[in-house]
Amino acid sequence: MSTTEEEILKENIVLEYTLDAPPEKVWRALTVPELAASWLGTQEHRPEHRPEHRPEHRNDDPAYELLDTTPFSRVRYAWRDTGTDMPETLVTFEISPAPDGNTRFRLTHSVRATPPLAANCNGAPIARAA
C-alpha cells in the first residue's frame with residue numbers, strides 16, 4: 001500500500017456489519033427516500049425541499065443527496081451537516097449477500113475529494129472575445 005493510500009484510509013471511517021435482513025430489504029431501506037430518511041435519521045436534499053414548511057425538521061439535521069447506485073450492491077450519498085460549516089462528505093453503502101439470508105453491510109464515510117461536475121459539463125470552459 002502506498003503512502004497516499006494509507007493517508008486516504010486514515011481519513012475514512014469504515015464500518016462493517018452482518019445485518020439480520022435480506023439484501024433486498026436493506027437495499028430498499030437505502031434507496032426509497034422515505035425509508036432512507038427514517039432509517040438514517042436525516043433529511044433528503046431535494047431542490048423543492050423547503051425545511052421551513054416541515055415542522056419536524058431541525059436546522060441541525062444532517063442532509064444527504066443521492067449521487068449514484070449500483071443496483072443491490074452500492075449506494076453513494078453526498079452528506080452534509082447543516083448545523084455546521086463543515087464541508088460535504090461522501091458516504092458509500094456497500095451490500096452483498098451473506099449466509100443464512102443475511103446481508104454483509106459496509107459503510108465508508110470519507111472526505112469528498114472533488115466537487116461534482118455539472119450534468120452538462122463537457123470539459124473546461126472556453127472564453128470568447130467580446
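1. Tyrosine 17 is found in strand E1, which covers residues 13-19. The model is a predicted one. Tyrosine 17 has a relative accessibility of 45% and therefore counts as partly exposed, since that class lies between the 20% limit for buried and the 50% limit for exposed.

2. Threonine 92 belongs to strand E5, residues 89-97. Its relative accessibility is 12%, so threonine 92 counts as buried. Apart from residues up to four places away in sequence, threonine 92 touches Arg74, Val75 and Arg76, and also Arg106, Leu107 and Thr108.

3. Threonine 108 sits in strand E6, which runs over residues 103-111. Is threonine 108 buried or exposed? With a relative accessible area of 13%, it is buried, because buried means under 20%.

4. Which residues does threonine 108 contact, once its neighbours within four places in sequence are left aside? They are Asn12, Ile13, Val14, Leu90, Val91, Thr92 and Glu94.

5. Threonine 108 and valine 91 are separated by 17 residues in sequence, and their C-alpha atoms are 5.7 Å apart in space.

Key
Residues numbered from 1 in each chain as written. Predicted model: local features only at pLDDT ≥ 70, side-chain atom pairs only at ≥ 80, totals over all residues. Heavy atoms only, no water. Helix = DSSP H or I, 4+ residues; strand = E, 2+ residues; numbered from the N terminus. Buried < 20%, exposed > 50% of the residue type's maximum accessible area, 1.4 Å probe, protein only. Contact = heavy atoms within 4.5 Å.
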